[in-house]
Amino acid sequence: MTSTQIRAWRYGYREFLPEGPLEQMTGPAAEKMWRRQWDEAILSPPTPRHRVLVAVERVVLDTDAFPALGPGGIEALAAAQGAERVVGLASHAPAEDPDLNPDTTAEMLSFLVDPDHVRRGHGSRLLNATVDHLREDGYHTVVTWVFADNHALLGFLESAGWGEDGAERVLDMGRPVRMVRMATDIS
């Protein structure tokens with residue numbers, strides 16, 4: 001999951017986030033921290049209403065590309081053939097913004113697809129699965145914070161019925177970086 005997150009951030013945010021903060025968010029020290037945080041989120045979520053969903057793809061290797069596998073190579077190849085790789089993730093929890101009711105409004109905390117696996121339906125399936133879980137938990141509305149210059153994600157969410165709700169915040173990343181809150185009704 002962590003490698004998917006870091007690859008998605010490096011690729012998806014490179015056009016609008018300053019290089020220094022992006023490197024801090026995706027460098028080796030950050031990778032260790034994110035790995036610990038994901039492990040904790042999965043193994044010990046704060047509440048039953050905190051969830052992490054993943055999209056996976058089966059690893060399919062082209063055996064013709066390995067003409068001389070050498071000793072043990074065929075066994076290693078066979079083992080890798082059936083493996084699955086995380087190619088997307090979404091997480092959600094009760095909303096924490098003070099103007100929202102956490103009993104009826106959830107926040108999608110992360111929504112990422114590996115850049116090598118976009119436009120294959122993973123984002124749509126993750127979003128639909130997230131909404132299904134949130135409805136089961138009794139939520140009526142979902143919000144998420146998106147960088148205002150992340151046109152790809154904004155367009156995707158808008159095409160799925162989301163819209164800006166008027167809330168915004170500005171992060172200091174060496175220069176101001178604006179975020180907008182997107183929302184959708186799921187009742």
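1. A word on terms before the fold: helices (H or I, at least four residues) and strands (E, at least two) are DSSP runs, numbered from the N terminus. With that in hand, the chain reads α-α-α-β-α-β-β-α-β-α-β-β along the sequence, which comes to six helices and six strands.

2. Some housekeeping. This is a predicted model, where local features need pLDDT of at least 70 and side-chain atom pairs count only at pLDDT 80 or more, while totals for chains, interfaces and linings use all residues. Residues are numbered from 1 along each chain as its sequence is written, and side-chain values use heavy atoms, with hydrogens and water left out.

3. On burial: of the 187 residues in the chain, 40% are buried. Buried means under 20% relative accessible area, exposed over 50%, and partly exposed in between (1.4 Å probe, protein chains only). As for contacts (heavy atoms within 4.5 Å), take those between residues at least 6 apart in sequence: 66% of them join residues at least 24 apart.

4. Now the cores. A nonpolar core here is a set of buried Ala, Val, Leu, Ile, Met, Phe, Trp, Tyr and Cys residues joined through side-chain atoms within 4.5 Å. The largest has 23 residues, and Met-108, Phe-111, Leu-126, Leu-157, Trp-162 and Met-182 have the most contacts inside it. Two or more residues come from each of strands E1 (51-58), E2 (84-94), E3 (105-113), E4 (141-147) and E6 (176-185), and from helices H5 (122-136) and H6 (151-159). Apart from this core lies another, of 17 residues, including Tyr-13, Met-25, Ala-30 and Val-177. In soluble globular proteins, nonpolar side chains tend to be buried together.

5. Met-182 deserves a click in your viewer. Skipping residues up to four places away in sequence, Met-182 touches Val-142, Val-143, Thr-144, Val-146, Leu-154, Leu-157, Glu-158, Trp-162, Gly-163 and Glu-164.

6. Pro-21, Leu-22, Met-25 and Thr-26 are buried. They sit on the same side of H2 because they cover an arc of only 125° around the axis, taking the directions from the helix axis to the C-beta atoms. Glu-19 and Gln-24, on the other side of H2, are exposed. Helix H1 (2-12) and helix H3 (28-43) are among what covers the buried residues of H2.

7. How do the two neighbours pack? H1 and H2 have axes 10 Å apart, at an angle of about 170°. Axes are lines fitted to C-alpha atoms, for helices over the stretch in contact, and angles run from 0 to 180 degrees between N-to-C directions. H1 and H2 are therefore roughly antiparallel; angles under 35 degrees count as roughly parallel, over 145 as roughly antiparallel, 65 to 115 as roughly perpendicular and the rest as oblique. Ile-6, Trp-9 and Arg-10 of H1 meet Leu-22, Met-25 and Thr-26 of H2. The axes of H2 and H3 come within 5 Å and cross at roughly 50°, so H2 and H3 are oblique to each other. Here Glu-23, Gln-24, Met-25 and Thr-26 of H2 meet Pro-28, Ala-30 and Trp-34 of H3.

8. Finally, two single residues. His-92, in strand E2, counts as buried because its relative accessibility is 1%. Leaving aside neighbours within four places in sequence, the contacts of His-92 include Arg-49, His-50, Glu-107, Met-108 and His-133. Leu-153, in helix H6, is buried with a relative accessible area of 18%. Residues up to four places away in sequence aside, Leu-153 touches Phe-111 and Val-146.
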